[in-house]
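Please open the structure in a viewer and keep the selection tool at hand.

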Amino acid sequence: MIEKIIKRLNVELPATVKLVAVSKFHPFEAIEEAYRAGQRIFAESRPQELVAKVRRLEEIRQEMIARAEQDGGDLSAAESYMSDIQWHFIGHLQTNKLKMVLPYVNLIHSVHSVRLLDAIQSWAAANDRKINVLLEPHVAAEESKQGFEAEEIYEILANAADGAWSNVAFKGLMGMATFTEDEEIIRRDFSSIRTIFDNCRERYPSIAEGFTQLSIGMSDDYPIAIEYGSTMVRIGSMIFGERK
Ligand SMILES: *Cc1c(COP(=O)(O)O)cnc(C)c1O
């Protein structure tokens, strides 16, 4: 089932849109199944769960290596088992959990405060790393949803263009539409995010070169998000089924 849906999505999605498989709340075996179907990017939303899955993969790899050494099997295949997997983080990230997550992730989608940005910068500078992030604007109707006002995003990029957060690579925006069946509202939200994205690229040309990713669209609204220029769709339940 997982394999079938991934293959179908790969046919359906335009070449400019990357599929991010949201594996939160699903067991590692589901990730392996998706990986066998060719999927490489997986997203998690809770630090503990991400770390547990990273460790599980390492455990499996060590078992395969031990077995290969014992039976004279393919050692290099065991050593490189799933080694090209990429982890993305899409959840609410607290500054005190950063050091759990940052060593393993290729992209943080959900940066929603300057405090978090400052904390990412300190960790990245101390560890001589550059961390890829997306900024999350708040456009949905729900007050509960996190995110920056558009003006705050412009201010951040203006400061970044002046050299602030030098260990952070600003890759684009991530957004969520209002939770509703009303397609007009979903379109309005994606359109707002797209406008902020275009403004960012236009106003900060020194940053625009790397600022190319628009992470919008989930299981229920990804076809609409693609119309608004999505370059990354974050799809969970459609691939893995309902979360427990
Ligand atoms: C859980 C989650 C998704 C995936 O949602 P589905 O509706 O299961 O596709 C996408 N983005 C974020 C930020 C999430 O937390």
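A polar contact is a pair of N or O atoms within 3.5 Å. With that cut-off in mind, note also that the model is a predicted one.

Select the ligand together with the residues around it: Val22, Lys24, Ile90, Met174, Met176, Met218, Ser219, Arg234, Ile235, Gly236, Ser237 and Arg243. This shell comprises six nonpolar, three polar and three charged residues. The space that the ligand takes up is the largest pocket.

Select Arg234, where an N or O atom of the side chain lies 2.8 Å from a nitrogen atom of the ligand. Proceed to Gly236, which places a polar backbone atom 2.8 Å from an oxygen atom of the ligand. At Ser237, a backbone N or O atom is likewise found 2.8 Å from an oxygen atom of the ligand. On its own the ligand has 390 Å² of accessible area, and the protein covers 90% of it.

How many aromatic pairs does a search of the whole structure find? The search finds three. For one of them, select Phe42 and Trp87: the ring centres are 6.4 Å apart and the planes stand at 50 degrees, so this pair is tilted.

Key
Residues are numbered from 1 along each chain as its sequence is written. This is a predicted model: local features need pLDDT of at least 70, side-chain atom pairs count only at pLDDT 80 or more; totals for chains, interfaces and linings use all residues. Side-chain values use heavy atoms; hydrogens and water are left out. A residue is near a molecule or strand if one of its heavy atoms lies within 4 Å of it. A polar contact is a pair of N or O atoms within 3.5 Å; within protein, one must be able to donate a hydrogen and the other to accept it, and residues adjacent in sequence count only if both atoms are side-chain atoms. Accessible areas come from the Shrake-Rupley method with a 1.4 Å probe; for residues, only the protein chains shown count as cover. On a 1 Å grid over the protein atoms alone, a cavity is a set of points where a 1.4 Å probe fits but cannot get out, and a pocket is an open set with protein on both sides within 12 Å along at least five of seven lines; lining residues have an atom within 4 Å of a point. A molecule sits in a cavity or pocket if more than half of its atoms lie within 2 Å of its grid points. Ala, Val, Leu, Ile, Met, Phe, Trp, Tyr, Cys and Pro count as nonpolar, Asp, Glu, Lys and Arg as charged, and the others, Gly among them, as polar. Rings of Phe, Tyr and Trp (its six-membered ring) pair if their centres lie within 6.5 Å; planes under 30 degrees apart count as stacked, over 60 as edge-to-face and the rest as tilted.
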